[in-house]
Amino acid sequence: MVAGPTVLVIGAARSGTTALVAELATHPELYSAQPKEPHFLALHERAPLSFSAPGDDVSINAKSVLQEDAWRALFRSGRGGIDGSVSTLYYAEQSVESIRRHCPDAALIAILRRPSDRAFSAYRYQVGRGWETETFERALELEDQRVDDGWHHLWHYRRMGRYGEQLEVFAEAFGANRLLVLDHADFEHRPAEVLAECARHIGVDPSDFRPTGRRVNQEAVRARPLVLAERALRRSGVASGALRAVVPRPIRDRLRRIGHRP
C-alpha cells in the first residue's frame, strides 16, 4: 500500500494554510499534495459530495479526491507529503477516525486566526468569486439555514471559528504532543521562527527551508460588519469551558491570544 501523508495541516480555513503549506514544501524532505486540499480524511465517507451552495458543484464537489487509491497516489514521492485540507479540522469527529485508519503517524499542525478576521476573510473570498451576494451581517443571520441546506464548510463563517470545540476532539484523540497550534499573526510577522517550530514538530532540519516570503492573508479591515461578527462570535462561545479538562494549557493560551488580539 502506498504511504499516506507525513504532515497534515488541518486548518483553519482563511488562516494562512495555503501559505504555510507552500513554505513547508520548500524543504527538500517535504512536498505538497496536488491538489493541496483533497478533503479525503474528512469527507470520503460522504462521496459523492452534494454540497448545494452557489459554486459548490464546480469547487468542492468536483475537485475533492475521495477515493482512497487516488488519495494515496498523491503521496507516492519518497519525500514527506503534506495534506493541507482545512476540512480536516472542521469535521473533527470524522477526521480523527480517518487519520487513525489511513495515516496514524502523521504530524498535525493547525494554524489559527482571530475568529472574526477569519470569518470576514472567508466572506470576502466568497464575494470575490461571485458566489456570496448578501451583506456580511445578513450572511451571519443566514448561517444556520445554510448549514441545514447543505452549504459546504467555507460558508460557515461563524462555526468555522469555534476552534476550541474542534481542537478538543484532536487533543483527546491524539494528545498534545501530536498537535502543533500556530498563530496566523506569528506566521505573518515571524515566519522563520514559525517554520523552525514546524520543523521541530515534523522532525526535519529547520535550516533546509528556502522561504519564498509570500504574504499570507492580509485583510486588515476593521469594518463595522467585522466588529458585529466579533461580537456574535464571542456570544457563541469560541472556546468551551470544557476545554480546560482536555486541551493542554499551551494550546489554550494560544487560543486565548488569537481570539483577543487587538
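Predicted model: local features only at pLDDT ≥ 70, side-chain atom pairs only at ≥ 80, totals over all residues.
Local features were taken at pLDDT of at least 70 and side-chain atom pairs at pLDDT 80 or more, whereas totals for chains, interfaces and linings use all residues. Residues are numbered from 1 along each chain as its sequence is written, and side-chain values use heavy atoms, with hydrogens and water left out.

Helices (H or I, at least four residues) and strands (E, at least two) are DSSP runs, numbered from the N terminus. Five strands form an open sheet in the order β2-β3-β1-β4-β5, with parallel pairing; two strands are taken to pair if DSSP finds at least two bridges between them. At the edges are β2 (30-32) and β5 (179-183), each of which pairs on one side only. On average, neighbouring strands of this sheet are turned by 25° against each other, direction ignored. Axes for such angles are lines fitted to C-alpha atoms, for helices over the stretch in contact, and angles run from 0 to 180 degrees between N-to-C directions.

The pairing can be followed across the sheet. Strands β2 and β3 are joined in parallel by three bridges, and Tyr31 stands opposite Gly81 in β3. Two bridges link β1 and β3, again in the parallel sense, with Ile82 of β3 as the bridge partner of Val7. Between β1 (residues 7-11) and β4 (residues 107-112), which run parallel, there are four bridges. Leu8 is placed opposite Leu108 in β4, and Gly11 opposite Ala110 in β4. Ala110 also stands opposite Val181 in β5, and β4 and β5 run parallel with five bridges between them.

Helix α1 (residues 17-24) lies across β1, β2, β3 (80-83), β4 and β5 and runs at about 165° to β1. The loop between α1 and β2 contains Thr26. Its side chain reaches the backbone nitrogen of Arg210 at 3.1 Å. Contacts of Thr26 (heavy atoms within 4.5 Å) include Asp208, Phe209, Arg210, Pro211 and Thr212, not counting residues up to four places away in sequence.

Ser121 is located in helix α7 (residues 115-128) and is buried, with a relative accessible area of 0%. Its side chain makes a polar contact with the side chain of Arg113 (3.3 Å). A polar contact is a pair of N or O atoms within 3.5 Å; within protein, one must be able to donate a hydrogen and the other to accept it, and residues adjacent in sequence count only if both atoms are side-chain atoms. The C-alpha atoms of Ser121 and Ser15 are 8.6 Å apart, although 106 residues separate the two along the chain.

Phe136, Ala139, Leu140, Leu142, Glu143 and Arg146 are the buried residues of α8. Just after α8, Gly150 takes a positive phi of about 90°.

Methods: Buried < 20%, exposed > 50% of the residue type's maximum accessible area, 1.4 Å probe, protein only.
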